[in-house]
Amino acid sequence: MATVLLVDITRLTAADVDQLARQASPERRERAARFRFEADRLRCLVAGALLAHALVRTHRLRPDDYTITRNRYGKPLLQDRPGVEFNLSHAGSWVVCATGTDPVGVDVEALANARPHLADGMFAPDERDYVLGGPAAEASLRFTRVWTLKEAYTKYLGRGLSEPLDRFSVLTGDGLVPAGEGVPAPSLHWRTVDDAAGIVAWCGTAAAGWELLSVESAELVAGLG
Ligand SMILES: CC(C)(COP(=O)(O)OP(=O)(O)OC[C@H]1O[C@@H](n2cnc3c(N)ncnc32)[C@H](O)[C@@H]1OP(=O)(O)O)[C@@H](O)C(=O)NCCC(=O)NCCS
């Protein structure tokens with residue numbers, strides 16, 4: 001079973017944020033400092049803390065036990081730790097971290113940021129029809145559902161947005177990588193968060209699927225124990 005942990009950053013106090021900044025690795029602090037807006041800096045800091053929390057919680061690994069590297073497309077990975085996989089996403093009020101024993105991709109987006117018209121030209125034809133051909137009131141939900149699934153898939157592959165988004169369909173599975181020798185084809189799932197204010201999508205091969213769990217600020221700040 002893969003795990004996706006979610007933090008609602010609006011529940012963090014100023015004291016929590018100070019504490020997280022103090023606990024952050026130099027690499028995370030430096031990444032966060034590159035952002036112009038406070039909200040981006042905060043999400044970036046929380047992502048680092050949530051990853052550390054998730055690796056202790058799901059794999060009993062403490063920060064001194066691993067080194068984080070990135071592949072050529074920017075996907076962070078643990079060096080020399082086969083069987084320990086993770087992926088991060090942050091948007092709106094949320095930061096999510098997926099962990100597991102097999103490669104994984106995760107994405108979170110707020111429905112408020114949906115741009116359904118972008119489905120025309122950016123998505124596969126069946127995805128565009130699903131978004132733009134349904135009830136107008138559902139367009140944001142449908143767009144965000146497809147968008148997050150597509151991002152989760154490209155992040156599972158580790159290629160980010162270098163993967164052309166119109167060449168595969170998350171609705172039919174057309175164009176997705178087939179099962180390999182001893183490796184099942186990836187499956188894609190989504191769930192709403194905060195009464196459908198946002199969507200979290202997960203892509204992976206874990207046979208038992210995934211669970212989505214909230215992490216309270218106290219657990220995050222309590223650190224790495
Ligand atoms: C992955 C990608 C699609 C970004 O998507 P996004 O919607 O902007 O960002 P998300 O919040 O969903 O994901 C960002 C996280 O994905 C992970 N990521 C980055 N590149 C990735 C890749 N090629 N494959 C899988 N995961 C990737 C990182 O952990 C990143 O967070 P981090 O930089 O805080 O460690 C990628 O193409 C991209 O644009 N990378 C730049 C991401 C970046 O620099 N973010 C800075 C946040 S501090």
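Helices (H or I, at least four residues) and strands (E, at least two) are DSSP runs, numbered from the N terminus. The model described here is predicted: local features need pLDDT of at least 70, side-chain atom pairs count only at pLDDT 80 or more, and totals for chains, interfaces and linings use all residues. Residue numbers start from 1 along each chain as its sequence is written, and side-chain values use heavy atoms, with hydrogens and water left out.

**The loop between β7 and β8**

Asp194 lies in the loop between β7 (187–193) and β8 (198–204). The loop between β7 and β8 also holds Asp195. Most residues other than glycine have a negative phi. Asp194 is not a glycine, yet its phi is positive, at about 45 degrees. Asp195, not a glycine either, has a positive phi of about 50 degrees. For accessibility, buried means under 20% relative accessible area, exposed over 50%, and partly exposed in between (1.4 Å probe, protein chains only). Asp194 has a relative accessible area of 43%, so Asp194 is partly exposed. Asp195 counts as exposed because its relative accessibility is 81%.

**Pockets**

Pockets are found on a 1 Å grid over the protein atoms alone: a cavity is a set of points where a 1.4 Å probe fits but cannot get out, whereas a pocket is an open set with protein on both sides within 12 Å along at least five of seven lines, and lining residues have an atom within 4 Å of a point. Grid points are joined across faces, edges and corners, and a volume is the space filled by probe spheres set on the points. For the residue classes, Ala, Val, Leu, Ile, Met, Phe, Trp, Tyr, Cys and Pro count as nonpolar, Asp, Glu, Lys and Arg as charged, and the others, Gly among them, as polar.

The largest pocket holds about 560 Å³ of space. Its lining has 25 residues, and those nearest the centre are Arg70, Leu88, Ser89, His90 and Lys155. By class, the lining of the largest pocket comprises 8 nonpolar, 7 polar and 10 charged residues. At least two lining residues come from each of α2 (26–33), β4 (85–91), β6 (104–110) and α6 (139–157). β4 contributes the most to this lining, with 5 residues. Domain bounds come from an automatic or database domain assignment; domain 1 (1–102 + 206–225) and domain 2 (107–204) each give at least three residues to the lining of the largest pocket.

The second largest pocket has about 430 Å³ of space. Of its 21 lining residues, Ser25, Gly48, Ala52, Pro63 and Tyr66 lie nearest the centre. Two or more residues of this lining are supplied by each of α1 (14–23), α2, α3 (38–59) and β2 (68–70). α3 provides the largest share, 5 residues. The lining of the second largest pocket divides into 13 nonpolar, 3 polar and 5 charged residues.

**Helix α6**

The expected span of a helix is 1.5 Å times one less than its number of residues. At 1.5 Å a residue, the 19 residues of α6 should span 27 Å, and the end C-alpha atoms of α6 are 27 Å apart, which agrees. α6 is largely enclosed by the rest of the structure, because 15 of its 19 residues are buried. Ser140 is located in α6, and Ser140 is partly exposed, with a relative accessible area of 28%. Gly158 follows α6 and has a positive phi, near 90 degrees.

**Residue pairs**

| Pair | Apart in sequence | Apart in space |
|---|---|---|
| Ser140 and Leu6 | 134 residues | 22 Å |
| Ala110 and Leu61 | 49 residues | 31 Å |
| Glu85 and Ala2 | 83 residues | 9.6 Å |

Ala110 is part of strand β6 and is buried, with a relative accessible area of 11%. Glu85 belongs to strand β4; Glu85 is buried as well, with a relative accessible area of 17%.

**Cysteines**

A disulfide is a pair of cysteine sulfur atoms within 2.5 Å. The count by this rule is 0 disulfides. Cys97 is in no disulfide, and the nearest cysteine sulfur, that of Cys44, is 13 Å away. Cys97 is buried, at a relative accessible area of 0%. The closest cysteine sulfur to that of Cys203 is in Cys97, 16 Å away, too far for a bond. Cys203 counts as buried, with 0% relative accessibility.
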